[in-house]
Amino acid sequence: MNITEERAQEWRADLRSAIKAKDRTNMPRVHMPELDAEYRSHTRLEEVNLGLTAEMAMEEAKRCLDCANPTCMEGCPVGIYIPKFVKQIEIGDFQGAAKTLKQTSALPAVCGRVCPQEKQCDAQCIHTKMKKDAVAIGHLERFAADFERESGIISIPEVAAPNGLKIAVVGSGPAGLSFAGDMAKLGYDVTVYEALHEIGGVLKYGIPEFRLPNAIVDVEIENLRSMGVKFFNNCVIGRTITIEDLKEEGFKGVFVASGAGLPRFMNIKGENLVGVMSSNEYLTRVNLMDAANPESDTPVFLGKKVAIIGGGNTAMDSVRTARRLGAERAIIAYRRSEEEMPARLEEVKHAKEEGIEFMTLRNPIEFIGNEQGRVTHMILQVMELGEPDASGRRSPVEVPGKTETIEVDEVVVSVGVSPNPLIPQSVIGLQVTKWGTIVVNNDTMQTDIPMIFAGGDIVRGGATVILAMGDGRKAAKSMDDARSSRTATWPLAPLGSRQIMGTRMRPW
Amino acid sequence: MNKIVSKEYFSANVVKFEVEAPLIAKSRKAGHFVMVKVGEKGERIPLTIADADLQKGTITLVVQKMGVSSSKLCALNEGDFITDMVGPLGKATHIENFGTVICACGGVGTAPMLPIVAALKKAGNKVISVIAARNKDLIILEDHMRQYSDELIVMTDDGSYGTKGLVTNGVEAVINREKVNLCVTIGPAIMMKFVSLLTKKYEVPTLASLNTIMVDGTGMCGACRVSVGGKTKFVCVDGPEFDAHLVDFDEMLMRLGGYKDIEREEMEKMQCASGVNK
C-alpha cells in the first residue's frame, strides 16, 4: 500500500472527519515534561525530558490534520510515515505506531530524543506554515518507541528470505545501524564491525545519558540482532582485518560509516596544557568509560571552573556534563553571537535553565598554566559581528585591544572534528577530499570503488544522527537496487556519474 | 575476550603475557600497539606488541605494574581472559637498510624494541643494541635481543650487571667509536628525552616510540597529542614513532603526569581493598 492508499483507509477517513481541521489547529501544542532544572543540574544520569503520558500523546496526535500531501515526511531524512503513526497514536494503537516507525527507522527511540525536528519534520508541518506551533512529531515518536519498549512486547520488522549475500558495515554508529537494519530487512547477511568495545558509536561515546540513555541504545541494537544482524566489536577494519580480507571471506559489499575522528584544536598557546582536552575525549571518558562512576578505572577531571569552547550540540553536551559533575561555573565561550549558534534551541534552553553561563562573542587566544602545567586561566578576545561569511552567518571580527582573562581549571575544546583517518589511510584507491572525507556519489552513496559505499560523518565531516541514518538508508537502497536491477553486475559496478557530496567543514 | 595462554615474570613488577589474538598476530608489524581493557569498568590502555606467533595465533605483551590498570592486568593468570583488546594500531616502524643502527631502550621498553631490532637486522642493518635498567634484575629479554643484534651493550645504573652507567653513556660510546646512521629509542619519556638530546648533539637521526595517555587509541579523542616540530600530532594515528629531535619531551612529560593525583588515590583505594596495606 502506498501512502495515498493508506490515507484513504476507512479508519483514517473516519478519524479525519471526527474533528474539524480548524479545531485541530486551534489546540495548543503539548509541553514535554522535564526534570526540575536545579535538581537535574546535579544528577549525572537522569534524563532531562521525561516523555509524554498516553493521554498527552493522544491529545497531541489530534492536532495533526492528516494532510493529503504530508510535507512533514519530506523533512524526514529517513522518510518515516509520519501521519500514519501519529493517527495510530490518536486511536490508541501505540504498538501499531511503533511498528510504523520501525518500517523506515532502525532507531526510533533514539531519533525521538536527539533529532533536530524543528529543522526537519516540524519545520515542514502544515501548522508551521500557518504560523502555529508544529505538531510535536518528535515527542510522539519518542512516546511510541518508549511505549513499545516498556511494554516488553517488541515487534521485529519483517525480514525477507535470506539471499545469502554477505555485506560488511564499518562502524556501529547511526549510519551503520540504519544501513544494517535496512539490509537485514531485504534479506542480506549483515555483519557490523566496531572498533570500540561497545556497539553504538557516537550514540554511546558522544551523547550523554541525560539526553540518550545507553540502555535505550542497547534495546535498539538488540532489535537489529533479532533481525539477524551480527556485531563484531574490538575490530578495526583496515587494521585488524582489511577490506581485501573481507572480499576473500566472500563479502560482496561494504558500507563505510566510520564516523568522526580527530578532534580539531585551535592551535593557540597553551592548548596542550593539562586540563585542556577535546570534547571527544571528555565525553568519551564520561559516557563510554563511565569515568565519573567511582567503580570505573578511567579517570576524569572534576573541574570547578570549566569552560567549553564552541556553540554546537557537542559543546552543549559537554558543558551540561561538566555542570552535572560539580562545576560551580560551567561556561560556554563562543566566538559568534547566540543567534549563530549551531546547537539546537532546546539544548541551549536546557543549558541556560541549568545555570550554564554563555560568554558569546568571545574567542580564546591563549591558555595559561601553573608550574605543574595545569591550566589556570584563559584569555578571551572580545569579538563583534561583521559581514556574513561562507556559512551564511555573520563572521566574528576582533575588537582591537579588548581582551578578558578568566579563571578556569578545565577547558573542553569543541570546535569540530576531522573524519576518522583509518579507512582512507588503509584502502588504496578510495578518493578523499582535502578535508579527509570520503568522496561518494551524492545519489547513491557509492565511492570510487564500486563495492564500497560510505555515509555519515566520514562523508559529511560533522553532521547529525538523523542525517547519518538517512545516508545509511540511501546506501542500502542503492546497493540493493544495483543488485536487483541486474543492470549492474554483482559484485557491484559503478552506479551513475560521480558527484562530490557537500563535505565542507562548517566553521564553528 | 582474549585468552592468556602463558604468563611469565621477568621481574617482580614486569610480566610477559602470550595472548590469543589470531587476527592481530597476522596483521601486526613492528611498532604497532594494541588497546587493552581489563574488566567491565576497566580503563583502555595502550601496549606495544612485543612479538607474535602466527602458528599459535598469539601476540606477546610485556607489562610493567605502574598504576591501577596495569596492576589489574598483571594480576591475571594463564587461562584468564583479557576483557577487550583491539589492534594493531598506530603506524608500523619504517624499516630499510639504513646502515648502522643503535637501538637504545630502557626498562620495559626493551619489549617493544625487540620486533624492531629483528626487522632492522633482517633488512641488512648492523644493529647495536643498548639495553639499560636500574639493576640486573630489571634487565629483560637479553638473550632475545642478543639473537638479532650484531652487538649488545648492557648498562645498569648501579653497575650490578654489564657496564655501570645510563643508556646515554652506552649510546655515546658507540657514536664516538663509529659512524651511526640511525638511533631508535624506546623507554620512559625522560630517558628518551636524554637520548634525543645526546644524538642531536652528534647529529644522528633518531626515532622515539612514544607511549602517551590514550582513551580510544583509534584517532578520536586527542588525549595522546604531542608537539612535534611545533605542530600538534596524535600518537595513536600519526605515531607512535616520531623524529625524536622534534618532539617536545617536556610537554609530553607534563601531560603524562596529568592524572598522577587521581591515579595515586585510585592505587591507594585498590591496595586498601585488596588488603595490601594491612
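Biologist: What makes strand β2 and strand β5 of chain B count as paired, and which way do they run?

Modeller: Happy to start there, with the reminder that this is a predicted model. Two strands pair if there are at least two bridges between them. Seven bridges join β2 (residues 14-20) to β5 (residues 58-64) in chain B, and the two run antiparallel, so the pair meets the criterion. Within this pair, Val15(B) stands opposite Val63(B) of β5(B).

Biologist: And what packs on the sheet, touching β4 and β5 of chain B?

Modeller: That is helix α3 of chain B, residues 110-122. The direction of α3 makes about 40° with that of β4(B), which covers residues 44-53.

Biologist: In what order do the strands of this open sheet in chain B lie?

Modeller: The order is β6-β1-β2-β5-β4-β3-β7, seven strands in chain B with antiparallel pairing.

Biologist: Why are β6 and β7 of chain B said to stand at the edges?

Modeller: Each has a single partner strand, so one side of β6 (81-82) and one side of β7 (84-89) in chain B are left without a neighbour in the sheet.

Biologist: How many helices and strands does chain B have?

Modeller: Chain B holds nine helices and 16 strands.

Biologist: What share of the residues in chain B is buried?

Modeller: The share is 55% of the 278 residues, where buried means under 20% relative accessible area.

Biologist: How many residues of chain B are in contact with chain A, and how much area do the chains bury between them?

Modeller: In chain B, 44 residues are in contact with 46 residues of chain A. The two chains bury about 3,600 Å² between them, with 57% of that on carbon and sulfur atoms. On the chain B side, Lys41(B), Met220(B) and Tyr259(B) lose the most area to chain A, together 20% of what that side buries.

Note on methods. Residues numbered from 1 in each chain as written. Chains lettered and ligands numbered in written order. Predicted model: local features only at pLDDT ≥ 70, side-chain atom pairs only at ≥ 80, totals over all residues. Heavy atoms only, no water. Helix = DSSP H or I, 4+ residues; strand = E, 2+ residues; numbered from the N terminus. Contact = heavy atoms within 4.5 Å. Axes fitted to C-alpha atoms, helices over the stretch in contact; angles between N-to-C directions. Buried < 20%, exposed > 50% of the residue type's maximum accessible area, 1.4 Å probe, protein only. Buried area = accessible area lost by both parts, 1.4 Å probe.
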